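Here's a walk through one protein fold, piece by piece. Keep the structure open while you read.

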Amino acid sequence: MQANKGRDTKPELALRRAVHALGLRYRVSTRPLPAVRRTADLVFTRAKVAVFLDGCFWHGCPDHHTKSATNAAYWADKVEKNRARDRETDALLAAEGWVAVRVWEHEDPGEAALRVQSVVRAIREST
């Protein structure tokens, strides 16, 4: 698992390019809440929006998640813990006034970028 990239994956780079092309500027691979060990892929600090790009295997995508043939119980438990941590992260962020946006790695980067843009703009316009 050490060989798995923590940032700058192909889906993440595609999403970042699409969001940047829409004129949005963001921080990359940053903790929205410094006291909490959770890193978001894109962070809009002023708007308080954290974007997480979730991998289909690691986060249990309902459409594309596949069960491991070897050591199935371990991986099923691992994915369930990841999903629970994702829910906890969303709740921690919400408690501090942040909005978490979750994007699956299989989503079209352009469509996901438009979703991110609409959330960021809505928050900026409301303040």
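## Cysteines without a bond

Let's begin with the sulfurs: there are zero disulfides in this structure. Bear in mind that we're looking at a predicted model. What keeps Cys56 and Cys61 from counting as a bonded pair? The closest cysteine sulfur to that of Cys56 sits in Cys61, 3.9 Å away, and that is too far for a bond. A disulfide would need the two sulfur atoms within 2.5 Å.

Are these two cysteines buried or exposed? Cys56 has a relative accessibility of 6%, so it goes down as buried. Cys61 is buried as well, with 3% relative accessible area.

## The sheet

Now for the strands. Four of them make up an open sheet, in the order S1-S2-S3-S4, and the pairing is mixed. S1 (27–30) and S4 (99–104) are the edge strands; each has a single partner, so one side of each is left with no neighbour in the sheet. From one strand to the next, the twist averages 30°.

How do the pairings around S3 run? S2 and S3 are antiparallel, joined by three bridges, while S3 (residues 49–54) pairs with S4 in the parallel sense over six bridges. On the S4 side, Val49 stands opposite Val99, and Val51 has Val101 as its bridge partner. The hairpin of S2 and S3 leaves four residues between the strands, and there Lys48 takes a positive phi near 60°.

## A strand covered on both faces

In soluble globular proteins, nonpolar side chains tend to be buried together. Here, the largest nonpolar core has 17 residues, and the members touching the most others are Leu15, Val19, Phe44, Val49, Val51 and Val120. Which elements give two or more residues to this core? They are H1, S2, S3, S4 and H4, and H4 gives the most, with five residues.

Beyond its neighbours within four places in sequence, Val51 is in contact with Leu15, Ala40, Asp41, Leu42, Phe44, Val101, Val103 and Val116.

Helix H3 covers residues 72–95, and Asn82 is found in it. Is Asn82 buried or exposed? With a relative accessible area of 5%, Asn82 counts as buried. Its side chain makes a polar contact of 3.2 Å with the side chain of Arg85. Not counting residues up to four places away in sequence, Asn82 touches Trp58 and His59.

Leu92 is also found in H3. Leu92 has 32% relative accessibility, so it counts as partly exposed. Which residues does Leu92 contact, leaving aside neighbours within four places in sequence? They are Leu33, Val36 and Arg38. Leu92 and Leu33 are 59 residues apart along the chain, yet their C-alpha atoms are separated by 8.8 Å.

Methods: Residues are numbered from 1 along each chain as its sequence is written. This is a predicted model: local features need pLDDT of at least 70, side-chain atom pairs count only at pLDDT 80 or more; totals for chains, interfaces and linings use all residues. Side-chain values use heavy atoms; hydrogens and water are left out. Two strands pair if DSSP finds at least two bridges between them. Axes are lines fitted to C-alpha atoms, for helices over the stretch in contact, and angles run from 0 to 180 degrees between N-to-C directions. Buried means under 20% relative accessible area, exposed over 50%, partly exposed in between (1.4 Å probe, protein chains only). A nonpolar core is a set of buried Ala, Val, Leu, Ile, Met, Phe, Trp, Tyr and Cys residues joined through side-chain atoms within 4.5 Å. Contact means heavy atoms within 4.5 Å. A polar contact is a pair of N or O atoms within 3.5 Å; within protein, one must be able to donate a hydrogen and the other to accept it, and residues adjacent in sequence count only if both atoms are side-chain atoms.
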